[in-house]
Every structure is written in structure tokens, then in C-alpha cells.
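Reader: I have some questions about the labels used for this structure. Can we take them one by one?

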Amino acid sequence: MGKATGFLEFERRNETYEPSTARVKHYKEFVFALSDEDAKIQGARCMDCGIPFCNNGCPVNNVIPDFNDLVYRQDWKSAIQVLHSTNNFPEFTGRICPAPCEAACTLNINDDAVGIKSIEHAIIDKAWEEGWVEPQPAKHKTGKKVAVVGSGPAGLAAAQQLARAGHAVTVFEKNDRAGGLLRYGIPDFKMEKGLIDRRIEQMEAEGVTFRTGVYVGGEGFPVHIQNGSRETISPKQLKADFDAVVIAGGAEMPRDLPVPGRELQGTYFAMEFLPQQNKVNAGDVVEHQLKATGKHVIVIGGGDTGSDCVGTSNRHGAASVTQFELLPQPPEQENKTMVWPYWPIKLRTSSSHEEGCSRDWAVATKRLEGSNGKVEKLIAARVEWKDGKMQEVPDSEFEMKADLVLLAMGFVSPVATVLEAFGVDKDARGNARAATEGDRAYYTNVDKVFAAGDVRRGQSLVVWAIREGRQAARAVDTYLMGSSELPR
């Protein structure tokens with residue numbers, strides 16, 4: 001794979017960034033993809049390691065050694081064919097996937113892993129530039145109709161696979177544009193939305209129908225969750241109109257912060273804050289946009305969503321940005337001999353952190369205080385963890401000025417009103433109950449109804465959503481036709 005001695009001869013070559021002083025002034029992508037030559041050298045580092053652990057580290061099981069070798073040989077057209085054989089949307093994963101494949105790379109045991117994500121990014125961008133990404137409409141129609149509820153990565157993957165199998169697919173999205181959290185959760189500076197638009201155009205050319213602004217579910221949808229619907233369709237009607245239904249929504253219920261002062265104005269969920277900027281970037285009129293301009297911002301939660309809040313706040317021109325994490329600070333370098341080939345817990349500094357952010361760990365928020373109904377300060381304390389239990393450190397309480405507090409502590413479940421309206425059984429975490437193996441893979445307890453993506457597995461990665469969408473499509477195709485030629 002690649003050059004036999006490449007891993008000994010070449011160092012890892014990373015993608016480069018626009019300087020932080022420049023990129024915080026706009027919302028466009030700022031990552032410079034590898035040149036053809038740098039991608040070739042990166043592909044040359046792929047080892048003939050016998051067992052390619054990267055394949056299993058990748059949730060969609062990308063055939064990584066093969067496309068690395070093809071890039072090394074500069075056969076880009078074959079490389080995109082290999083990449084597309086397992087991944088419908090490598091332009092999404094090549095930008096926002098955390099690359100568990102690289103953690104599993106054999107070279108990562110004692111050296112820098114092969115830059116698999118950057119190679120994937122280079123392959124798909126070149127494929128679009130060269131016009132190699134074309135619609136693949138089915139040669140024969142089955143006469144079967146499938147509804148997909150949700151247009152995030154799971155729904156898009158399921159819809160594209162089912163359309164290519166010959167089914168008439170309609171995707172229902174409650175917001176005004178398709179894309180789910182790819183559209184309204186990921187900031188434009190991490191992934192520009194034109195990438196979604198051109199995939200939507202490809203899928204429409206393949207026969208997929210998109211109906212946006214349509215909510216499928218019951219009454220009582222939470223007011224703090226993005227919902228731009230102008231029309232409601234009942235699950236009963238959907239089941240009557242279609243031969244199968246795939247529920248592929250996200251795990252949109254955010255984890256709340258039950259502390260005194262939570263009700264103060266200026267305290268919001270991250271997903272009340274982030275989508276508004278995406279709408280503004282799209283040219284939409286947003287009333288009462290939440291702005292961090294000139295404010296002291298505190299982000300509670302140390303994950304990717306919190307990082308996105310940091311980057312967006314910096315672009316607004318915040319006076320200061322602080323990010324708190326409840327857990328202890330992880331080590332800067334993992335013990336590879338203990339964790340490889342699995343995803344390691346280690347300190348990760350995002351491009352948003354590099355743009356300006358004070359970070360602190362093992363901090364618990366005790367209360368929020370303010371006047372005239374507006375938050376003005378946050379009271380917190382240091383904590384320590386013993387035997388998996390959290391304890392407050394005595395005399396460690398402190399306060400910080402806070403004009404805007406953003407809650408980015410993860411998501412706990414899908415919206416219950418959707419699953420309850422369908423009558424779908426839920427697991428202990430509130431997700432749709434459906435197995436992933438066997439004759440009833442992705443099939444819920446309700447006739448005709450399947451579930452895939454975050455609505456089934458809980459909050460997860462875009463690459464897991466694509467995997468589940470593809471697998472659910474195969475399960476639906478088998479249900480409708482008795483067998484399926486779609487890949488899992």
C-alpha cells in the first residue's frame with residue numbers, strides 16, 4: 001500500500017489554516033486542502049500492515065489502504081470510486097469527522113498516523129472539480145414509495161441509497177432547508193453549506209423529492225429546538241401514503257443546567273445560538289439574533305458544540321470567551337500502548353480554541369446571578385473526581401462576569417413527541433428501540449417504520465449517521481423487495 005518504505009521516509013503533512021487573525025473576520029472555510037503532491041506523499045506513508053485497523057476504526061468501513069495507494073499513484077478517479085463505494089458524502093466527513101480511522105492507524109502506535117482525513121478531503125474536492133460526481137438514477141423503478149423523516153446525514157444517506165435501488169423517496173424536513181444539524185448545527189467556517197446544496201441537487205436528479213418546512217409528529221414540540229415548519233403531517237397519514245417510513249431525525253433534546261438563575265435572560269442552549277448565525281449567513285432575516293458582540297461569554301461544555309460556540313463568539317467580537325468542562329483536564333498525550341487502536345481520551349485543541357479562549361476543567365456551575373432579569377455573573381466551584389464520583393473542593397468557589405452563558409453539554413435524546421406520535425418503543429435513554437442486526441435490523445415495533453442515526457443510537461458522529469442511514473436503506477429495501485443488492 002503506497003510506497004513500501006514511505007512511512008520511514010516521509011513525515012506527516014497536515015492541512016494548513018488561514019491565520020486566526022484573518023479567519024475570525026469571516027465565516028467561510030479556512031482550511032487549505034493538501035496539494036496533489038502533498039497528498040501523494042501522505043498516501044505513500046500508508047503501510048502494508050497486513051491488518052488495516054483503520055478500516056474497522058472507520059464507522060463506514062472506508063477501504064482506506066486502497067484509496068491511499070491510488071492517491072499515491074495519482075489515480076484520483078479510481079480513488080473517488082473506492083471512497084464513494086462506502087461513503088455517500090466524503091466532503092462532509094473529510095471536514096468534520098474527528099477521524100477515528102487515524103487513531104486506529106498502525107503507524108499511530110509509535111509515529112504520527114497517516115493523514116487519512118486530509119486525503120479523503122483532497123479526493124472528494126478533486127472529484128467535484130473534475131466533474132466526476134454525477135447523479136446515479138436507478139435504471140429500473142420498483143413502484144415502492146419510501147418516506148424519510150429528517151434530512152441530516154442519516155436521512156440523506158438512506159434516501160440516496162433507496163433512490164438508487166429504484167424506490168420513490170420523499171424526504172421530510174421540519175426546517176426551511178435540508179441538511180439537519182449539518183445545516184443548522186455546524187458553523188459555516190467548518191463546513192460551508194454549498195456542499196450540502198450540491199448533494200441535494202444530485203439527489204433530486206436521482207429522483208429524491210425534498211419537502212421542507214414539514215413537521216412529522218405530534219403536538220408539544222419543544223420551543224427551544226429549531227423548528228421552521230409551516231405544515232404538519234401525522235405519522236398515520238405518512239404510513240398510509242408510503243410503503244415504508246425511515247425516522248432519521250437527530251438527538252435534539254439538549255442537556256439542561258438545573259441551577260438557580262437558569263431562567264435569567266442571557267442563558268441559552270448552544271442550539272439556540274448557533275443556528276441563527278447559519279441563517280444570517282444564508283441571507284435569512286433573523287429577528288432578535290443572539291449576539292456575543294462586546295459580551296463576556298461563558299460556554300459550559302468542553303466538546304465540539306462548545307468549541308463551535310467559541311468560534312462563533314469570537315467572530316461576533318466577544319469581549320472574552322471562557323469554556324468550562326466538568327471533567328478533569330485530559331492528558332496532552334495518550335498512552336498509545338494502552339488504548340490503540342481505540343479512540344483515545346486526550347487534550348484536544350480546536351481551531352476555535354486557537355482563535356482565543358480561556359479553558360478550564362473540573363469546574364461545576366453552582367448558580368447564575370444578575371439583575372433586572374438578566375444574567376451578570378456565574379458562580380462556580382472546583383471539583384475533584386474520586387472513584388467516579390464528583391466532590392466539590394472546599395473553599396474553591398469563585399465568580400466570573402457573564403453577559404452570555406451558552407449551554408453546550410451534549411444531547412440526551414430525540415424529541416419525544418415524534419417517537420410517541422409514531423408509537424415507537426423507546427430504550428432507557430429515550431431513543432427509538434431498534435436492533436442493528438438480524439432479520440429486523442433498524443425495524444421498530446411499528447409496522448412499516450424503521451429508525452436510524454442519532455434518533456436510534458443517541459448523540460453521535462456524522463460518520464455513524466451515514467453508516468446507519470446506509471444500513472437502514474438495505475434493511476428497508478429487503479423489507480420491500482425480499483432481498484437487497486445494496487451494500488451494508
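Reader: Which residue in S15 is the bridge partner of Arg367?

Author: Ile379 is the bridge partner of Arg367. Keep in mind that this is a predicted model.

Reader: What makes S14 and S15 a pair?

Author: Two strands pair if there are at least two bridges between them. Strand S14 (residues 363-371) and strand S15 (residues 374-386) have 8 bridges, in the antiparallel sense. They therefore count as paired. Their hairpin has 2 residues between the strands, and Asn372 takes a positive phi near 55 degrees.

Reader: Why is the contact of Arg95 and Glu29 called a salt bridge?

Author: The cut-off is 4 Å from a side-chain nitrogen of Lys or Arg to a carboxyl oxygen of Asp or Glu. Arg95 and Glu29 meet at 3.0 Å, N to O. That is within 4 Å, so the name applies. The two residues are 66 residues apart, with Arg95 in helix H7.

Reader: Why is Arg95 called buried?

Author: Buried means under 20% relative accessible area. Arg95 has 15%, so it is buried.

Reader: What makes Arg382 and Asp360 a salt bridge?

Author: Their closest N and O atoms are 2.7 Å apart. The limit is 4 Å, so the pair qualifies. Arg382 lies in strand S15 and Asp360 in strand S13, so the pair ties together parts that are 22 residues apart in sequence.

Note on methods. Residues numbered from 1 in each chain as written. Predicted model: local features only at pLDDT ≥ 70, side-chain atom pairs only at ≥ 80, totals over all residues. Heavy atoms only, no water. Helix = DSSP H or I, 4+ residues; strand = E, 2+ residues; numbered from the N terminus. Buried < 20%, exposed > 50% of the residue type's maximum accessible area, 1.4 Å probe, protein only.
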